[in-house]
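Here is a short briefing to read alongside the model. Take a look at the structure, then follow the points below.

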Amino acid sequence: MRLWAIAHRKLICFLLGAAAVAALPPFDIFPILFISFSGLMLFLGQAQKLREAFSSGYWFGFGFFSFGLSWIGNALLIDAQTLGWLYPIAFVASGAFFGLFSAAAAMVSFYFKDFTAKYLGFATGWTLLEWIRSFILTGFPWNLIGSTLDFNLKLLQGASIFGTYGLSLFVLLSTAAPALWLKERNKKNFITALSLSITPLLILYLYGTIRLHNSPITPSDIHLRIVQPSIPQNLKWNHDSLEKNFQEYLTLSSQAGIENIDMVVWGETASPFPLEYSAKHRQMIADMLPPKTVLATGSLRFQIKDGRNHPQNSMLIINHEGKILASYDKSHLVPFGEYIPFRRFLPQSLRPITNVISDFAAGEGPQTLNIPNFPSFGIAICYEIIFPHKIIDENKRPELLLNLTNDGWYGDSAGPRQHLSATRLRAIEEGISIVRAANSGISAFINHQGKILTRLDLNRKGYLDITIPQERNTPTIYGHLGNQLPITLSIIILLVALLKNSYRSIIQKNKNKVHLFRAKRDKKI
């Protein structure tokens with residue numbers, strides 16, 4: 001019977017975690033979190049041993065991350081014959097590894113005996129571990145709980161103060177609060193739970209309403225064209241299709257109105273040819289561009305390191321003479337996509353797979369670029385945009401950010417839509433407008449408040465002509481302080497939980513002393 005009870009608890013926690021995925025973009029079923037996190041809190045409240053709390057948190061995280069990151073496996077299906085067998089392994093590995101972070105949050109909560117303190121400890125523990133997840137083993141801050149507020153732009157505005165980690169804390173405090181009443185149903189606990197469920201979201205909503213009120217959008221005299229050719233990923237690097245793909249970009253870029261465009265923007269590795277070395281293809285670009293227009297394009301570059309040529313995932317600015325005016329090299333590389341961690345220690349059986357992934361060389365980090373007759377701008381290539389407070393050169397803040405990406409690897413899945421959501425959050429956090437160019441979508445222009453002013457949806461071929469607003473850069477509290485504020489707030493709440501727990505212990509000890517005194521007195525009588 002005990003084994004069945006353990007298996008039953010693990011299964012329910014796994015299902016609660018899997019259900020929580022429905023709150024993430026693009027599903028946006030936010031109320032499911034009240035069930036998922038309150039349900040998990042009840043199991044954590046029942047845990048008598050540390051391993052029981054660990055197990056409940058781990059299986060919740062296993063369900064949340066395995067289903068929440070399942071879209072990653074779509075990249076393996078591009079070459080299904082060689083890599084397709086890894087799909088179920090990627091699914092299980094996502095849950096197995098990232099489930100450790102939710103298990104750690106559950107362990108934090110275990111050390112609190114008072115249930116309210118336990119609830120506060122879990123919420124802050126999860127938030128702090130999201131932050132740790134952003135840098136441990138190079139980091140992967142995807143599916144942050146704060147991103148579940150993507151369904152309402154007003155609720156997202158709190159990211160300009162607290163960042164996405166702060167939003168996660170607010171969401172966790174709100175959605176786990178019903179457990180306070182479900183644990184012990186009385187009027188006092190009902191009022192407490194209701195207040196804690198509503199108050200964090202109400203604060204965010206009111207702040208967002210004020211921040212978005214009377215926000216003007218005044219056009220400037222700067223015009224962009226974002227090109228989205230929607231080339232299928234299995235053809236993007238097909239040797240027989242390279243020239244055709246390149247011509248597709250040129251054709252879309254040169255459509256009517258190009259003479260009014262200041263910058264044409266192509267996506268990540270849009271050029272299959274290394275443009276630094278291919279004068280022929282630079283000249284084709286030059287022939288397409290009017291005199292005042294430049295092209296921002298993703299392209300491979302190469303760096304000689306340890307006697308070997310290492311590719312770099314780069315962005316180049318090319319003018320109408322075919323000259324390269326500026327460049328940027330991606331600094332935050334994708335594990336198992338742009339390099340293989342611990343390659344030399346992997347078994348021989350995996351060598352055929354790892355050999356198809358080259359070790360890219362990393363760039364130097366966020367930079368601000370300047371070219372004539374254009375606002376200063378920063379660059380974030382694909383994966384780099386998911387890292388809060390890691391996308392801006394803090395010493396030389398840009399007016400605009402270009403985000404070049406290619407989500408074609410992941411098909412028509414949640415991945416590209418969640419990537420767009422992360423981009424919106426970076427715009428709000430830093431108070432900076434973002435131009436997003438994606439090979440197969442979703443391309444968009446997002447203003448400094450996270451409003452998507454125009455977009456070209458997934459798997460649609462075309463281009464977007466944009467007049468950049470004058471209001472494109474508003475410094476924010478989060479942009480200035482970074483993660484100091486959400487981390488400090490989490491630690492303060494954790495200290496409150498410790499005080500609450502200590503107070504409960506003192507009260508309990510005093511009660512025990514009174515009971516012992518009365519027992520001795522009654523015995524004497």
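**A buried loop residue and a helix pair**

The side chains of Asn 483 and Tyr 478 make a polar contact at 2.6 Å (N or O atoms within 3.5 Å; within protein, one able to donate a hydrogen and the other to accept it, and residues adjacent in sequence counting only if both atoms are side-chain atoms). This is a predicted model, in which local features need pLDDT of at least 70 and side-chain atom pairs pLDDT 80 or more, while totals for chains, interfaces and linings use all residues. Residues are numbered from 1 along each chain as its sequence is written, and side-chain values use heavy atoms, without hydrogens and water.

**Around Asn 483**
- Asn 483 sits in the loop between α16 (477-481) and α17 (484-524); helices here are DSSP runs of H or I, at least four residues, numbered from the N terminus.
- Its relative accessibility is 15%, so Asn 483 counts as buried (under 20%, with a 1.4 Å probe and protein chains only).
- Leaving out residues up to four places away in sequence, Asn 483 touches Trp 131, Tyr 165, Pro 388, His 389 and Tyr 478 (heavy atoms within 4.5 Å).

**Helix α15**
- Of the 17 residues of α15, 16 are buried.
- At its start, a side-chain oxygen of Ser 413 comes within 3.3 Å of the backbone nitrogen of Gly 415.
- Gly 431 follows α15 and has a positive phi, near 65°.

**α15 against α8**
- The contact involves Ala 159, Ser 160, Gly 163, Thr 164 and Leu 167 of α8, with Leu 425, Arg 426, Ile 428 and Glu 429 of α15.

Terms used:
Helices (H or I, at least four residues) and strands (E, at least two) are DSSP runs, numbered from the N terminus. Buried means under 20% relative accessible area, exposed over 50%, partly exposed in between (1.4 Å probe, protein chains only).
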